[in-house]
Amino acid sequence: MTHRRGRKPWRWVLAAYLAALALVGFWPTPVDAPAQGFLGQALAQLHAAGVPDWIDYNTLEASANVLLFVPAGFAAAAGFRSTWWQIAGCGALVSACVELGQLLFLQHRYPSLIDIATNTGGALLGFFLAERLFAHGTGPDIS
């Protein structure tokens, strides 16, 4: 398999994942709204069982934002010859576009600079995971 072919499927994965991110990002209401009651109850039970209080809804939301962009960073790193700062820049740009779209077009969504930062961190985490995995010869050379 040539180097170019090794990257092409990852580009399709990235395109599909970005389409899914757009669907989540531009959903008219917060995507976690149906689960907020359950999350509140689960957190209350976890806190009663000894889990620290700093693990709260905001911590879960920030963690979810990081995890949401890990696959995008991974697929971008695998699909293109890129550096960590290019992946970070693209992650930040995609996230900023989503947040701007929410600000301009979606009255029930709440854009946030923290979301941009956590999404960018997730893209970077995906890059470093891909770099680590592919450094062992299990995929395209991303260096």
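Predicted model: local features only at pLDDT ≥ 70, side-chain atom pairs only at ≥ 80, totals over all residues.
Helix H3 contributes the most to the lining of the largest pocket, giving 9 residues. The volume of the largest pocket is about 700 Å³, and that of the second largest pocket is about 210 Å³.

**The largest pocket**

- The lining of the largest pocket is made up of 28 residues.
- Nearest the centre of this pocket lie Val31, Glu61, Asn65, Arg109 and Asp115.
- Two or more lining residues come from each of these elements: helix H1 (3-25), helix H2 (36-48), helix H3 (57-79), helix H4 (84-105) and helix H5 (113-134).
- Sorted by class, the lining of the largest pocket holds 14 nonpolar, 9 polar and 5 charged residues.

**The second largest pocket**

- The second largest pocket is lined by 14 residues, and the closest to its centre are Leu14, Ala76, Ile87, Cys90 and Gly91.
- At least two residues of this lining are supplied by each of H1, H3 and H4.
- H4 gives the most to the lining of the second largest pocket, with 5 residues.
- By class, the lining of the second largest pocket has 10 nonpolar and 4 polar residues, with no charged ones.

**The nonpolar core**

- There are 14 residues in the largest nonpolar core.
- Within this core, Leu14, Ile87, Ala130 and Phe134 have the most contacts.
- H1, H3 and H5 are the elements that give two or more residues to this core.
- H3 provides the largest share of the core, 7 residues.
- Leu14 and Ile87, listed here for their contacts in the core, are also among the residues closest to the centre of the second largest pocket.

**Helix H5**

- H5 is 22 residues long and reaches 32 Å from its first C-alpha to its last.
- This span is close to the 32 Å expected at 1.5 Å a residue.
- At the N-terminal end, H5 is capped by Ser112, which has a side-chain oxygen 3.0 Å from the backbone nitrogen of Ile114.
- The buried residues of H5 are Asp115, Ile116, Thr118, Asn119, Thr120, Gly122, Ala123, Leu124, Gly126, Phe127, Ala130 and Phe134.
- One of these buried residues, Asp115, is also listed among those nearest the centre of the largest pocket.
- Ala130 and Phe134, buried in H5, are among the residues with the most contacts inside the largest nonpolar core.

- Asn119 is part of helix H5.
- Asn119 counts as buried because its relative accessibility is 4%, and buried means under 20%.
- The side chain of Asn119 comes to 3.0 Å from the backbone oxygen of Asn65.
- Asn65, the partner in that contact, is one of the residues nearest the centre of the largest pocket.
- Gln36 is found in helix H2.
- Gln36 has a relative accessibility of 39%, so it counts as partly exposed.
- Between Gln36 and Ala135 there are 99 residues in sequence and 40 Å in space, taken from C-alpha to C-alpha.

**The chain as a whole**

- Starting at the N terminus, the elements of the protein chain follow the order α-α-α-α-α.
- The C-alpha trace of the chain spans about 55 × 40 × 25 Å along its principal axes.
- The protein chain has 143 residues, and 29% of them count as buried.

Definitions and conventions
Residues numbered from 1 in each chain as written. Heavy atoms only, no water. 1 Å grid on protein atoms, 1.4 Å probe; cavity = no way out; pocket = protein on both sides within 12 Å on 5 of 7 lines; lining within 4 Å. Points joined across faces, edges and corners; volume = space filled by probe spheres on them. Helix = DSSP H or I, 4+ residues; strand = E, 2+ residues; numbered from the N terminus. Nonpolar A, V, L, I, M, F, W, Y, C, P; charged D, E, K, R; others polar. Expected span 1.5 Å × (residues − 1). Buried < 20%, exposed > 50% of the residue type's maximum accessible area, 1.4 Å probe, protein only. Polar contact = N/O pair within 3.5 Å; in protein donor to acceptor, adjacent residues only side chain to side chain. Core = buried A, V, L, I, M, F, W, Y, C linked by side-chain atoms within 4.5 Å.
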